[in-house]
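This report describes one protein structure for a reader who has not seen it before. It takes up a few residues, a helix and a core in turn.

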Amino acid sequence: MTIDIGLDDAARKYSAEALKSLLAETYALYTKTHGYHWNVTGPRFNELHNMFMVQYNELWLALDLIAERIRALGHFAPGSSGEMLKNATIKPDNGVPDAADMVKHLAAGHEAVSKAAKAGIKIAEKNQDPVTVDLCTQRAQIAEKTAWMLRAAV
C-alpha cells in the first residue's frame, strides 16, 4: 500500500535514516546501562543498581517508539543488535568499570543520544516532519535530564 502522510518518499527516507542513528545510540546505551545494573559494586550499590534499572527500562521503551516511527515512515527498523550497533558512537566497555566510571560513561552516553536526537530534529524540520521532530525532541529532553542527574550523582 502507498503511504500518504504528507511526506514524500525522500522526506520519509531521511527521517527514517536519522531515526536509525537515534535507535543505534539508544540501543547501545540500553545495553551498557543494563550491563552496569548487573555489575555495579561498592557502597552505592543499591542506589546505582536501582537508578540504572529505571534508566534501562526507560531506554527499552524508547527503542520501541523509535522503531515504530521508522516503520510508520515506511522503512524497516534494524532487526538485529549487530545492525543497530554498527552505527552507534557509544561503544561497549572492555571489562567492568568501577561505579564512578559507570556513572560518567552513562552521562556521556545520554549526551550522545541527545546529539543524535538533535540531528534528527534538524533533518525532520527540513523535511517538514513534525511527528519525528516531536519524538526526537522528547528523546533529547529525557537524555539531557538523565545526563544531568547522572552528573549530579558523581
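His-110 counts as buried, because its relative accessibility is 2% and the cut-off for buried is under 20%. The model is a predicted one. His-110 sits in helix α4, which covers residues 99–126. Beyond the residues up to four places away in sequence, His-110 touches Leu-29, Gln-55, Leu-59, Ala-143, Thr-146, Ala-147 and Leu-150.

Helix α4 has 28 residues and should span 40 Å at 1.5 Å a residue; its end C-alpha atoms lie 41 Å apart, which agrees. At the N-terminal end, α4 is capped by Asp-98, with a side-chain oxygen 3.3 Å from the backbone nitrogen of Ala-100. Gln-128, which follows α4, has a positive phi near 55°.

The largest nonpolar core holds 42 residues, and Leu-19, Leu-22, Leu-23, Phe-52 and Ile-66 have the most contacts inside it. At least two residues of this core come from each of α1 (9–39), α2 (45–72), α4 and α5 (130–152). In soluble globular proteins, nonpolar side chains tend to be buried together.

Ala-77 lies in the loop between α2 and α3 (81–85). Its relative accessible area is 24%, so Ala-77 is partly exposed. Ala-77 and Lys-126 are separated by 49 residues in sequence and by 22 Å in space, C-alpha to C-alpha.

| Residue | In contact with |
|---|---|
| Leu-22 | Ile-66, Val-113, Ala-116, Ala-117, Cys-136 and Arg-139 |
| Ala-77 | Ala-67, Ile-70 and Arg-71 |

Methods. Residues numbered from 1 in each chain as written. Predicted model: local features only at pLDDT ≥ 70, side-chain atom pairs only at ≥ 80, totals over all residues. Heavy atoms only, no water. Helix = DSSP H or I, 4+ residues; strand = E, 2+ residues; numbered from the N terminus. Buried < 20%, exposed > 50% of the residue type's maximum accessible area, 1.4 Å probe, protein only. Contact = heavy atoms within 4.5 Å. Core = buried A, V, L, I, M, F, W, Y, C linked by side-chain atoms within 4.5 Å. Expected span 1.5 Å × (residues − 1). Polar contact = N/O pair within 3.5 Å; in protein donor to acceptor, adjacent residues only side chain to side chain.
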